[in-house]
Amino acid sequence: MLVGPLKAKTTEEAGNIIEFLGMEDNKANRDMLKNLSEGQCIIEDMYGRTAKIQTDVLFDEWISAFNTKESDRGRAETEEAFM
């Protein structure tokens with residue numbers, strides 16, 4: 001299961017994410033979740049192990065195509081440009 005991009009805005013949100021993923025609830029994990037930078041996310045593998053990963057986008061068009069923010073409609077324009 002891939003969880004991301006989740007960036008906790010509050011300590012309470014960080015606690016909820018930690019609980020959901022079954023991570024150890026400590027200051028380091030809460031701080032990590034509150035300080036994720038763009039391209040970073042938390043991933044849980046099929047064995048229940050969790051880790052922070054960094055992804056790098058190969059093509060600028062992918063940034064718009066995979067944008068999940070509802071306020072930005074860049075996906076549709078990018079998709080239509082390549083059809």
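Colleague: Lysine 27 first: does that count as buried or exposed?

Modeller: Exposed, because lysine 27 has a relative accessibility of 61% and the cut-off for exposed is over 50%. Bear in mind that this is a predicted model.

Colleague: Noted. Which residue does lysine 27 form a salt bridge with?

Modeller: Aspartate 31. The closest N and O atoms of the two are 2.7 Å apart.

Colleague: And where do lysine 27 and aspartate 31 lie?

Modeller: Both are in helix 2, which covers residues 27-34. They sit 4 residues apart, about one turn of the helix. Aspartate 31 is partly exposed, with a relative accessible area of 28%.

Colleague: Why would side chains like that pair up?

Modeller: Side chains of opposite charge can pair when their charged atoms come close.

Colleague: How many salt bridges does the structure hold?

Modeller: The count is 3. One of them joins the side chains of arginine 30 and aspartate 25, at 2.7 Å from N to O. Another is between arginine 49 and aspartate 45, where the closest N and O atoms are 2.6 Å apart.

Colleague: OK, zooming out. What's the secondary structure of the chain?

Modeller: There are 4 helices and 3 strands. Along the sequence the pattern reads β-α-α-β-β-α-α.

Colleague: And how much of the chain is buried?

Modeller: Buried residues are 23% of the 83 in the chain. The exposed surface comes to about 6600 Å², with carbon and sulfur atoms supplying 53% of it.

Colleague: What share of the contacts join residues at least 24 apart?

Modeller: 25%, taken among contacts between residues at least 6 apart in sequence.

Colleague: Switching to aromatics. How many pairs?

Modeller: There is 1 aromatic pair. It is made by phenylalanine 59 and tryptophan 62, with ring centres 5.0 Å apart.

Colleague: Why is that pair called edge-to-face?

Modeller: The planes are at 70 degrees, and over 60 counts as edge-to-face. As for accessibility, phenylalanine 59 is partly exposed at 42%, and so is tryptophan 62 at 40%.

Colleague: Which residues form the nonpolar patch on the surface?

Modeller: Val57, Leu58, Phe59, Trp62, Ile63 and Phe66, with about 680 Å² of accessible area together. So the two residues of the aromatic pair are in that patch too.

Colleague: Where's leucine 58 in all this?

Modeller: Leucine 58 is in the loop between strand 3 (50-54) and helix 3 (60-65). At 66% relative accessibility, leucine 58 counts as exposed.

Colleague: Last topic, lysine 7. Which residues does it touch?

Modeller: Leaving out residues up to four places away in sequence, lysine 7 touches Glu13, Leu33, Lys34, Asn35 and Leu36. Lysine 7 itself lies in the loop between strand 1 (2-3) and helix 1 (11-21).

Note on methods. Residues numbered from 1 in each chain as written. Predicted model: local features only at pLDDT ≥ 70, side-chain atom pairs only at ≥ 80, totals over all residues. Heavy atoms only, no water. Helix = DSSP H or I, 4+ residues; strand = E, 2+ residues; numbered from the N terminus. Buried < 20%, exposed > 50% of the residue type's maximum accessible area, 1.4 Å probe, protein only. Contact = heavy atoms within 4.5 Å. Areas by Shrake-Rupley, 256 points an atom, 1.4 Å probe, with all protein chains shown as cover. Phe/Tyr/Trp six-rings, centres within 6.5 Å; stacked < 30°, edge-to-face > 60°. Patch = residues over 30% accessible without salt bridge, like charges linked within 9 Å, V, L, I, M, F, W, Y side chains within 5 Å. Salt bridge = Lys/Arg side-chain N within 4 Å of Asp/Glu carboxyl O.
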